[in-house]
Amino acid sequence: MPRYNHHTAAYRVEGYGLELILDAGTGLCRLADLPGENAAELPPALILLSHYHLDHTAGLIYLSALFPRRRIIVAAPGTAVYGESAAAILNRLIAPPFFAHSLNQANPDLEVVDLAPGENHIAGLRIQCRIQTHTNPSMGIRIGNELAYITDTGCDAATVEFISGCPLLMHECWGRGEAIAASGHAHLEGVIQIARQAGVDQLLLVHINPLLTKSEINELEAAAQREFPDSAVARDLVAWPMAPGQEKLNLTPLFKSQARNPKQIQIAKIQMTETKARQKQSRNTRKKPS
Ligand SMILES: [Zn+2]
Ligand SMILES: [Zn+2]
C-alpha cells in the first residue's frame with residue numbers, strides 16, 4: 001500500500017548491463033526522475049515479477065511513459081504456476097476497461113515471457129525461480145549467484161537451500177514476532193534465521209507492513225542489525241551498495257519515498273558508481289543502529 005512516504009514494490013538493480021527491475025509496483029514511477037535514459041539504443045529493460053498482486057504490478061501502466069522507445073521484457077510466473085501464460089494473465093490485468101490499452105498496445109516493443117520454476121535464461125541472465133506459498137503463488141527469484149529476492153511468502157525452510165550461495169538476500173519482513181506467521185507473511189526472527197542458515201552476507205528487508213510508523217520501522221531495523229549487523233530496511237531511493245568484493249551490483253529500492261528532491265535520485269545513482277571508500281563509508285554509517 002503506498003503511503004505518504006513510500007510506494008509499493010519496485011527495485012532497480014544495476015550491474016547487469018540491463019535496466020533490471022524487480023517487481024513493478026507504484027515505485028516504478030521513480031524511474032521518471034532519471035532523465036535521458038529512454039533512448040532506443042539503450043539496453044532493454046527487464047522487469048521480473050514475483051507475482052501479479054497489484055502492489056507488485058500497478059506500475060506496469062507507466063511503462064509506455066517511462067520507456068517510450070525502449071525494448072521491454074516482462075518475465076512473470078506463467079503456465080507452470082498459473083496454468084496460463086504470463087502474457088495471457090497480463091492481457092487480462094492490463095486491458096480495457098481497467099486501462100485504456102493492453103500492455104502490448106501501449107508498448108509496441110514489449111515482450112512477455114514466462115518465468116518457470118527452476119532455471120530460466122532471459123536476456124543473458126540466469127534466473128532461478130521457486131514457487132512460494134502465498135494467497136496466490138509467488139515466485140522466489142535468484143539472479144545468478146549474486147542476489148535472491150524472496151517476497152510475499154512466509155518464512156519457509158526450503159528458502160535456505162534456494163538462496164544458498166547468494167551474498168545478498170532481499171527478503172520480505174512484515175514485522176516482528178511469530179504471530180505474523182499466521183498471516184502468511186514473514187517475521188524478522190524467521191528471516192534472520194534463514195539468512196544465517198543460508199550464509200548470506202547482507203540482508204535487505206523489503207515488503208514491510210505499510211502500516212508501521214517511521215519509528216516502528218526504525219525499531220525493526222535496529223532489531224535486525226543487533227542480530228544481523230549487515231542488514232537494513234529498504235528505503236525509497238536509497239541505494240544499497242554490495243559488500244566489498246561484491247560491488248558488481250548495486251540496488252536501489254524504488255518503493256519508499258522520503259519526498260526528496262528528484263535531483264537526489266541522480267545523486268543516488270552517481271553514488272552507486274563512486275569509489276569503494278565512499279561506499280564503505282556509507283555502509284558503515286548505515287550499520288549503526290538508530
Ligand atoms: Zn502478494
Ligand atoms: Zn505484496
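User: Two strands are taken as paired if DSSP finds at least two bridges between them. In this predicted model, which residue in β9 stands opposite R142?
Analyst: Strand β8 spans residues 138–143, and strand β9 spans residues 147–150. The two strands pair in the antiparallel sense over three bridges. In this pairing, the residue of β9 opposite R142 is A148.

User: Which residue in the hairpin of β8 and β9 takes a positive phi?
Analyst: The hairpin has three residues between its strands. A positive phi, near 50°, is found there at G144.

User: Are the residues of β9 that point either way from the strand buried or exposed?
Analyst: L147 and Y149 point one way from β9, while A148 and I150 point the other way. A residue counts as buried if 20 or more other C-beta atoms lie within 10 Å of its own. By this criterion, the residues on both sides of β9 are all buried.

User: What is the handedness of the crossover from β9 to β10?
Analyst: Strands β9 and β10 run parallel and are joined by four bridges. Within this pair, I150 has H171 of β10 as its bridge partner. The chain passes from β9 through α6 to β10, and this β-α-β crossover is right-handed.

User: Which residue in β11 is the bridge partner of E172?
Analyst: Strand β10 comprises residues 168–172, and β11 comprises residues 202–206. Five bridges join these strands, which run parallel. The bridge partner of E172 in β11 is V206.

User: Which strands stand at the edges of the open sheet of seven strands?
Analyst: The sheet has the order β6-β7-β8-β9-β10-β11-β12, with mixed pairing. An edge strand here has a single partner strand, so one of its sides is left without a neighbour in the sheet. Two strands meet this description: β6 (118–122) and β12 (231–233).

User: By how much are neighbouring strands of this open seven-stranded sheet turned against each other on average?
Analyst: The sheet extends from β6 to β12 in the order of its strands. With direction ignored, its neighbouring strands are turned against each other on average by 20°.

User: Which elements are included in what covers the buried residues of α7?
Analyst: The buried residues of this helix are L188, G190, V191, I192, I194 and A195. Past its end, α7 is followed by G199, whose phi is positive, near 75°. The cover over the buried residues includes α6 (158–163), β10, β11 and α8 (214–227).

User: Which residue of β4 does I47 stand opposite?
Analyst: Strand β3 (residues 45–48) runs parallel to β2 (residues 19–22), with four bridges between them, and in this pair I47 is the partner of I21. Four bridges also join β3 to β4 (residues 72–77), again in parallel. Both faces of β3 are covered, with A45 and I47 buried on one side and L46 and L48 on the other. In β4, the residue opposite I47 is V74.

User: Why does A86 count as buried, and how many C-beta neighbours does it have inside 10 Å?
Analyst: A86 is found in helix α4 (residues 86–93). Leaving aside neighbours within four places in sequence, its contacts are A76, P77, G78, V112, V113 and D114. The threshold for a buried residue is 20 or more other C-beta atoms within 10 Å. A86 counts as buried because its C-beta neighbours inside that distance number 22.

User: What percentage of the residues of the chain count as buried?
Analyst: The secondary structure of the chain comes to ten helices and 14 strands. Of its contacts between residues at least 6 apart in sequence, 62% join residues at least 24 apart. Among the 290 residues of the chain, the buried share is 44%.

Conventions: Residues numbered from 1 in each chain as written. Chains lettered and ligands numbered in written order. Predicted model: local features only at pLDDT ≥ 70, side-chain atom pairs only at ≥ 80, totals over all residues. Buried ≥ 20, exposed ≤ 12 C-beta atoms within 10 Å, placed from the backbone. Contact = placed C-beta atoms within 7 Å. Right-handed = clockwise from strand over helix to strand, strands pointing away. Axes fitted to C-alpha atoms, helices over the stretch in contact; angles between N-to-C directions.
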